[in-house]
Amino acid sequence: MSRTPMALLSPADQERLRSLRRMKAVALGALILMAVVFVFAFWFEHRIPWLGYVRAAAEGGMVGALADWFAVTALFRHPLGVPIPHTAIIPNRKDEIGRTLGEFVETNFLSGPVVRDKLSRTALSRRLGEWAREPVHAERVAAEASTAASAVLRALSDDDVQSLIADLARRHLIAPDWAPSAGNWLERIVRADAHRGAVDLAADSIAAWLDANAQAFRGLVSRRLPAWVPRLAHRFVDETVHHEAVRFVQAVQADPRHPARLALDGYLARLAERLQHDPAMRERFEGAKAAVFDSPRVTGLAAEVWNTAKAGLLAALADSDSGLRRRAASAVADIGHRLATDPVLQGRVDGWVTDAAVFLVDRYRHDIASIITDTVERWDAAETTEKIELMVGRDLQYIRLNGTVVGALAGAAIFAVAHALIPAPIG
């Protein structure tokens, strides 16, 4: 039957082909048996009268077998190669069968009411929750999601991602004016004295540095003195400068109302005011901001941050014992538990799924059904015939076998009725 070599068929199709050939042999054997019985009964009927019933049964069996052989064969090819009209139905009407099948699926299955009725009687969220809350299943979901996420990360072009990040940062971070917001923020800080802690920290840090780095003041001022000033005076000047610096910082530390602190408060207040209302200051601030973000060093830092984050994510996704994988599995199990035990959540999720499915079916039903039509149209007629015959041919051979049996019974019954109702000729 098959033009396709056995080696090219799948194991399942190979088994179907062997089964089909067996059933064809059985059906053909039944026809041959009827023919042999018919010849025998026809030859000896004049000697043994009751063989007339056998001849009639065999004759009816042959007629039934041949008729059903013709009907079954006509589905797939021309019987005996003769192009009889309305034979080879499947190869000749393949495209029409595909369109009809697509229309049938679209009308009877891809229907909003049908989908809604089916989904409303299926506890999708509860079943999903019962499955997902099992630790093994939750870990499997996390593993599959990690594999997919890793594939996406590896598929992404680093240059494209960095360009996208740069474009987004420029559009949403750099392009907007920072000066008014920064000025307002600074004004609130100064008004609430929230900057005091930072000033104290700065004073403490400077004091600690001065204590630890007295040698840094050696020559700081004395090297600028005239050459005729004695060496002893040089050391005295440097030590005096260091001592006064220490005293100044200690005074700032000790006095919350120190003039330096008040001067700093006044400067910050003026800076906040200018950032909000002085166009020149705002322009300088925005220029400094743009210069910082356009710096190659900052661009390189952004690229390094992305590469580091990507490598860290890939490592965490690949490690089944990583915190990310464990938290993902735990989250899946928690969601599954809620779906399995919370009727209110189940109702909401089922409603969302049903509405989404109905929307997709109503909107794309024709496109979905066209997959069947387009696929069948692309199939080769001979290959399609072979595929269909492999799927249903074995059952169709039973029709031939049943036709043989029913024909034999019908032939015998007709012969018996005829003899019972019609008198035998007098001769």
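## Stop 1: a bridge across the chain

Select arginine 77 and glutamate 389: they form a salt bridge, with the closest N and O atoms 2.8 Å apart. The term here means a side-chain nitrogen of Lys or Arg within 4 Å of a carboxyl oxygen of Asp or Glu. Arginine 77 lies in the loop between helix 2 (51-76) and helix 3 (89-92) while glutamate 389 is in helix 17, so this pair ties together parts that are 312 residues apart in sequence. Helices are DSSP runs of H or I with at least four residues, strands are runs of E with at least two, and both are numbered from the N terminus.

The cut-offs: buried is under 20% relative accessible area, exposed is over 50%, and partly exposed is in between, using a 1.4 Å probe and protein chains only.

Before you move on, some ground rules. This is a predicted model, with residues numbered from 1 along each chain as its sequence is written. Local features need pLDDT of at least 70 and side-chain atom pairs count only at pLDDT 80 or more, while totals for chains, interfaces and linings use all residues; side-chain values use heavy atoms, leaving out hydrogens and water.

## Stop 2: isoleucine 388

Now pick isoleucine 388, which sits in helix 17 (residues 381-421). Isoleucine 388 counts as partly exposed because its relative accessibility is 29%. What does isoleucine 388 contact, leaving aside its neighbours within four places in sequence? Phe76, Ile90 and Gly393, where contact means heavy atoms within 4.5 Å. Draw a C-alpha to C-alpha distance from isoleucine 388 to phenylalanine 76 and you get 8.7 Å, for two residues 312 apart in sequence.

## Stop 3

As background, side chains of opposite charge can pair when their charged atoms come close.

Aspartate 200 is in helix 10 (residues 196-212) and arginine 261 in helix 12 (residues 259-277), so the pair ties together parts that are 61 residues apart in sequence. Arginine 261 counts as buried because its relative accessibility is 5%; aspartate 200 is partly exposed, with a relative accessible area of 32%.

Glutamate 130 is partly exposed at 32% relative accessible area, and arginine 126 is partly exposed at 33%.

Then jump to Glu15, Arg18 and Arg22, which are linked in a network of salt bridges.

## Stop 4: glutamine 276

Go back to helix 12 and select glutamine 276. Glutamine 276 is buried because its relative accessible area is 16%. Its side chain makes a polar contact with the side chain of glutamate 187, at 2.8 Å. A polar contact is a pair of N or O atoms within 3.5 Å; within protein, one must be able to donate a hydrogen and the other to accept it, and residues adjacent in sequence count only if both atoms are side-chain atoms. Leaving aside neighbours within four places in sequence, glutamine 276 touches Pro180, Gly183, Asn184, Glu187 and Arg282.

## Stop 5: out on the surface

Show a surface and colour Phe359, Leu360, Tyr364, Ile368 and Ile371: they form a nonpolar patch with about 470 Å² of accessible area together. Patches take residues with over 30% relative accessible area and no salt bridge, joining like charges within 9 Å and nonpolar side chains (Val, Leu, Ile, Met, Phe, Trp, Tyr) within 5 Å. Areas come from the Shrake-Rupley method with a 1.4 Å probe; for residues, only the protein chains shown count as cover. Isoleucine 368, one of the patch members, lies in helix 16 (residues 343-378) and counts as partly exposed at 37% relative accessibility.

## Last stop: zoom out

The secondary structure comes to 17 helices and zero strands. Of the 427 residues, 30% count as buried. The protein exposes about 28000 Å², with carbon and sulfur atoms supplying 65% of it.
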